[in-house]
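Here is a walk through one structure. Take a look at the sequence and the model before reading on.

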Amino acid sequence: MALNLSEKTWLEKRLEMIQRYEEEEKRQDFINESEIWHILERKAHSEPSEVREVLAKARELKGLSPEDTAVLISIRDPELLEELFATAFWIKNQVYGNRIVLFAPLYVSSPCVNNCVYCGFRHTNEAVEKRTLTMEELAQEIRAITKVGHKRVLAVFGEHPDSDADYICRSLQTIYATKHGRDEIRRANVNAAPMTVEEFRAIKDMGIGTYQIFQETYHHETFRRMHPAGTLKHSYKWRLFALHRAQEAEIDDVAIGVLFGLFDWRFEVLGLLYHAIDLEREFGIGPHTISFPRLEPALNTPFTTGSPYLVSDEEIKKIIAILRCAVPYTGLILTARERPELRRELIRLGVSQTDAGSRIAVGGYSEMEKEHILDRQQFMINDTRSLDEFIYDLCQDGYIPSFCTAGYRAGRTGCHFMEFAKKGLVRNFCIPNAILTFKEYLLDYASPRTRELGNQVIEQYLQEVESRLPYIAAKVREYLKRMEEGERDLYV
Ligand code: SF4
């Protein structure tokens, strides 16, 4: 289907604006392809002793250089692979402890003027019905999400005149304003197309949590092939520096990612690392999180199953472990694209956040009983467990689920968060706050079996806090008592 007149006019104006930006932007593209290939080739046959040296360095928690990361990428030997996994697991526990932050992805709009080869929402894909929620429909989605206990959403928007910066601002207002009894969203993160600094300022003023955008692929030629000429997403530079512009607008929690399966994963891992390094160089702070979604089938989208670069289960395990070693203080986000049994393994390797109880069709939470609405989804997900089932399984594996948003509301974002993380305070504050927010969940939303198991998990974690930080543990016990008596939203 061709674009209508108003879509075309909007697109042309944005294209002109992007062209001006490309001419004026002084920043240098930091993805040097020949350098990346050179590093990968030079380290392709690293000796076991070099691998072990890098793993020892990773345990110093100072992060790894691209060269060191390439040494880990070269691992093939099963014994060394196990050592890599053990190191990643150790780092995760040192920095984050055994807590997993939970959120709900919220698809707010799907019409899009772009035509990305791999995407079910691409403009020419008539097999998928596109929708933009009205503010009333959005409020209805928020009621469905918060009714089961979520406190944090990742709101996702297509690139279209009907879901421009102004619409995103109104959506954030609606998300925060929709409250019912104890049900509310306390942190709304946003995944949306690149914007100007002024547009980013407007959404910052609406209380955005993290701004997330994926480069999809760092390989220039592949990027141009996946995002056809004449579309907004064709501009590599406009997208590459979107997070720099967001930082200029003082959105200091920014998140990067790659869609694994578009190009060689080894190249993409180093691309992610160079992106993190460049943000840190210019703003003194790297990305808050990294995502590593794999290409999943989408309706009428043959590329998703035919790409020559599809990433295997073994490779995604390796990717996560390498990232955990390379950027120890950056959160790693796993999604419900992965199957339950694999998610369990991947979480061990360094994941700090994941979604649960997800519905990814636009308007999907209001039709919660339908696990998939294929002709309204961007792609397929493989884990449709409810939030309560997911939490029960997490508890059985010894994790403590967290709905905490205290860091964000106490100003522990951006540089402040990193300072905080580097001093090991994530474990000291985040575990207590995980306990408190999990208790809220158990009191207000959990099934009887999850409540019973969850209370045991809380007691076990409290004892652990008591042994290290008796003063904080006493405070948490006092807050838990106040929560039993009806108070909510208490945090340390
Ligand atoms: S990937 Fe994003 S930008 Fe591309 S068509 Fe899909 S929704 Fe639009």
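This is a predicted model: local features need pLDDT of at least 70, side-chain atom pairs count only at pLDDT 80 or more; totals for chains, interfaces and linings use all residues.

The shell around the ligand has 4 nonpolar, 2 polar and 3 charged residues. Here Ala, Val, Leu, Ile, Met, Phe, Trp, Tyr, Cys and Pro count as nonpolar, Asp, Glu, Lys and Arg as charged, and the others, Gly among them, as polar. The shell includes Cys-112, Cys-116 and Cys-119. Arg-122, Glu-159 and Lys-233 also surround the ligand.

Residues are numbered from 1 along each chain as its sequence is written.

Now the helices (DSSP runs of H or I, at least four residues, numbered from the N terminus). Helix α12 (residues 265–283) packs with helix α14 (residues 313–326) at about 25 degrees, their axes 11 Å apart. Axes are lines fitted to C-alpha atoms over the stretch in contact, and angles run from 0 to 180 degrees between N-to-C directions. The two are therefore roughly parallel (under 35 degrees). Trp-265, Val-269 and Leu-273 in α12 meet residues of α14, including Glu-315 and Ile-319. Contact means C-beta atoms, placed from the backbone, within 7 Å.

Helices α3 (residues 48–58) and α4 (residues 66–73) cross at roughly 120 degrees, with axes coming within 9 Å.

Technical notes. Angles under 35 degrees count as roughly parallel, over 145 as roughly antiparallel, 65 to 115 as roughly perpendicular and the rest as oblique. Two residues are in contact if their C-beta atoms, placed from the backbone, lie within 7 Å. A residue is near a molecule or strand if its C-beta atom, placed from the backbone, lies within 6 Å of it.
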